[in-house]
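Hi everyone, thanks for making time. Let me put the structure up on the screen, and then we can walk through it together.

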Amino acid sequence: MSLLKPTRHKSKQLRDSARGKECQLQLADQCSSVETAQPAHVQLRGHGGIGTKPSDLFLCDGCDNCHAILDGRVKSDYTKEYLELIGL
């Protein structure tokens with residue numbers, strides 16, 4: 001078992017590409033779609049964790065409302081298990 005953190009791929013170009021795009025998450029009933037599209041890091045097992053973000057290769061375009069659900073910043077009916085099941 002390695003104690004070193006894996007190298008995280010960072011790409012400003014990938015993060016900036018969310019601007020003006022439609023929300024890909026479509027989780028919230030009040031999905032604000034294009035107005036607040038931002039890059040959302042998808043937490044896959046073994047990539048990222050507490051205090052670390054996964055690689056920028058694991059980004060999707062999400063509006064602020066859906067991004068907050070994905071990150072767990074707001075309560076929703078979506079469980080962590082459900083989000084994992086649908087690939088988020």
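Before the first stop, a word on naming: helices here are DSSP runs of H or I with at least four residues, and they are numbered from the N terminus. Please also keep in mind that this is a predicted model.

With that, find helix H2, which covers residues 64-71. Just past the end of H2 sits glycine 72, and its phi is positive, at about 80°.

Now look back into the helix. Which residues of H2 are buried? They are Cys66, His67, Ala68, Ile69 and Leu70. The cover over them includes strand E1, residues 38-41, and helix H3, residues 80-85.

Let's move on to the largest nonpolar core, which has 12 residues. Among them are Cys23, Leu25, Ala40, Val42, Cys60, Leu83 and Leu88. Which element gives the most to this core? That would be H2, with three residues; Cys66, Ile69 and Leu70 are on the core's list.

Stay with alanine 40 for a moment. Leaving out residues up to four places away in sequence, alanine 40 touches Leu25, Phe58, Leu59, Cys60, His67 and Leu70.

Last stop: the aromatic rings. How many aromatic pairs are there? The count comes to one. The ring centres of tyrosine 78 and tyrosine 82 are 5.6 Å apart and the planes meet at 25°, so this pair is stacked.

Notes:
Residues are numbered from 1 along each chain as its sequence is written. This is a predicted model: local features need pLDDT of at least 70, side-chain atom pairs count only at pLDDT 80 or more; totals for chains, interfaces and linings use all residues. Side-chain values use heavy atoms; hydrogens and water are left out. Buried means under 20% relative accessible area, exposed over 50%, partly exposed in between (1.4 Å probe, protein chains only). Helices (H or I, at least four residues) and strands (E, at least two) are DSSP runs, numbered from the N terminus. Contact means heavy atoms within 4.5 Å. A nonpolar core is a set of buried Ala, Val, Leu, Ile, Met, Phe, Trp, Tyr and Cys residues joined through side-chain atoms within 4.5 Å. Rings of Phe, Tyr and Trp (its six-membered ring) pair if their centres lie within 6.5 Å; planes under 30 degrees apart count as stacked, over 60 as edge-to-face and the rest as tilted.
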